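Reader: I want to know what stands behind each label you use. Please set every value against its definition.

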Amino acid sequence: MNLAELVLGVMTALGGFVDVGELVFVAQAGAKYGYAAVWVLALGTIGIIVYCEMAGRIAAVRRQAVFDVVPLRLGRRLAFLALFMATAVNLITCSAEIGGIAITLRLLFGLPLQSALVLGTLGILALVAILPFKWIERTFGLLGLCMIVFAVATVRLGPDWAAVARGLIPQAPPLAGKEALVFAYFVVGIFSSVMMAYEVYFYASGGVEDKWQPEDTKMNAIIAGLGSALGSVLAIAILVLGHLVFGPRAIVPDSLDAIALACAVPLGKAGLAIGLVGILFAIGGAAAEVSLAGAYNYAQFFGLPWGRAKSLRAAPKFNLVWAAFLVAGMLIMMTGVDPVHLVEYSVIFSAAVLPLTYWPILRQSSDRNVMGEHANSRLVSALGWIYLVLITIAAAAGVPLMFLTHAGQG
Amino acid sequence: MRFNDEPKADALFAAFALAMFLVVAGYRYGWQSFHHTIPPDKLAIDVENSASTAATLGLVLDLASADRVPEGYVRTTFENANEELREEWAHARERDASGGKGPVLAAYRGTLAELDTLTGGIAAPAFERSRADSSRPRLRAIEGTLRALAARP
């Protein structure tokens, strides 16, 4: 892989880092708690780097994606449970992303919501059907770079950078009782929204699609590390904007139209338009990724032919399943369900499923008999185990916190 | 069951997709409303959410007056808010039917109805009104009332 491809890979990962889950949780956390949750973003980012790097390395060395590995390590029955739960979460996430696309199209062009839903879904279907795998990632990732306008808006508003940096130290605001539980809910929500597993299913399957070789493991580490780290800077910018724009006005930015307004305050109409285009492609990319991730998981588990490079005839089930995800997501949104509610469910339930797919990847990537010289280093192993503990805590705490706090409302 | 059995897997997946759809649709038409009305402390949350909506509308109008958001955006934001408030309004009525919280509920209902009317009236000629600056003081008053209500025990 040459330098241009590497830079393109990092930029694509950066543009695709933020999705509707992060937007919802991060902007609200900024408005409610100032910079007190910045450290959670950093913690989640290291976690997704570790998970992606391990899964990508397995893809390069063994040509195995996540649901090739899960049945080997969990046995087929438990792996089937993992597939079942992962599919449920993927479908909810896909619906929420499609809802986000429709809302953004409505804000950009004033379309009626139902028409925006149909148009948005058809657009994603067409792009995924027509574009080769590499260009699906790149089209959405590079156009998603318009999200950088959120960082520009943050710089224009001139936050107290020292206070932002202090937010990197793990902390909790002085709250008691239910308010403390709401903060805990946001901690779990932000951590889980950064560590959404569909990104890893897609990333590792993409490595197999792109025919990565063992010598590509360094490039895998750079893309996973640098792309996610830069993406998390963008997420921190959204949190800071949440604090500066919405905090003083006591607004809880729980809708995409409110979140996009944050760009209009310092940058006016142009900032708002660029921000909306960035949101559209970032969320569109997430919809494409999660629908493909659902199809990858299904085909890998049942040993069916898969891959975007394969024709409809060569991989009929795989192609049918990703298209079905998008159509089912659109139909779910047409019932009128609020996409923000759905996002919260998808993020919290994703956390509950995460240990079932993280653990097999950790085991496989640590196994010297399987990975040889490419097995986990001591540092990666140590981080891997630490994050297994953190993920398990988030999995156990997420659902109870969601019900105790009325999904973070108090 | 055998997990490498393709027809069974297909049937299972189709059933699963249907079940998921029914669960989400059920959530939309049943559980969501149930979840919304049952907790006794939910009124404060509803009131706080409505105050946040009023404050968001105020911000949109401020930006529109400074020519920092386009007309279409103002209209869409108000239409979205109006839809949200209609839902809140329906919940307030449900609560009213089940006993509610007396004077707090009545005040909330009145304020919400006014906000609902305000956004409904604004949705069409949003931009002109925001320029005329006639609706912001009312929005601020409504937001203040809602926040005062949310703070009541």
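**Labels and what backs them**

Author: Chain A has 17 helices and zero strands. Its radius of gyration is 20 Å, close to the 22 Å that the globule rule gives for 410 residues, so chain A is as compact as a globular protein of that length. This is a predicted model: local features need pLDDT of at least 70, side-chain atom pairs count only at pLDDT 80 or more, and totals for chains, interfaces and linings use all residues. Side-chain values use heavy atoms, without hydrogens and water, residues are numbered from 1 along each chain as its sequence is written, and chains are lettered from A and ligands numbered from 1 in the order in which they are written.

Reader: What makes a run of residues a helix or a strand here?

Author: Both are DSSP runs, numbered from the N terminus. A helix is H or I over at least four residues; a strand is E over at least two.

Reader: How is the globule rule defined?

Author: The rule is 2.2 Å times the number of residues to the power 0.38, and the radius of gyration is taken over C-alpha atoms. Along the principal axes, the C-alpha trace of chain A spans about 55 × 45 × 45 Å.

Reader: Why is Ala36(A) called buried?

Author: Buried means under 20% relative accessible area, exposed over 50%, partly exposed in between (1.4 Å probe, protein chains only). Ala36(A) has 7%, so the residue is buried. Ala36(A) lies in the loop between α2 (20-33) and α3 (38-62) of chain A. Buried residues make up 62% of the 410 residues in chain A.

Reader: Which residues does Ala36(A) touch?

Author: Contact means heavy atoms within 4.5 Å. Leaving out residues up to four places away in sequence, Ala36(A) touches Gln171(A), Pro173(A) and Phe183(A). Across chain A, take the contacts between residues at least 6 apart in sequence: 83% join residues at least 24 apart.

Reader: Why is Lys211(A) called exposed?

Author: Its relative accessible area is 54%, so Lys211(A) counts as exposed. Lys211(A) lies in the loop between α11 (197-209) and α12 (217-246) of chain A. Its phi is near 55 degrees, a positive value in a residue other than glycine.

Reader: What class does Asp67(B) fall into?

Author: Partly exposed, because its relative accessibility is 39%. Asp67(B) sits in the loop between α2 (42-65) and α3 (71-97) of chain B. Phi of Asp67(B) is also positive, near 60 degrees, in a residue other than glycine.

Reader: Is Asn80(B) buried or exposed?

Author: At 17% relative accessible area, Asn80(B) is therefore buried. Asn80(B) is found in helix α3 of chain B. Beyond residues up to four places away in sequence, Asn80(B) touches Arg106(A), Leu107(A) and Asp257(A).

Reader: Which residues of helix α8 of chain A are buried?

Author: In α8 (residues 148-157), they are Val149(A), Phe150(A), Ala153(A) and Thr154(A). They cover an arc of only 150 degrees around the axis, which puts them on the same side of α8(A). The arc is that of the directions from the helix axis to the C-beta atoms. An α-helix has 3.6 residues a turn, so residues three or four places apart point the same way.

Reader: What do the buried residues of α8(A) pack against?

Author: Against α9 (161-166), α12 and α13 (256-302) of chain A. Just after α8(A), Gly158(A) takes a positive phi of about 60 degrees.
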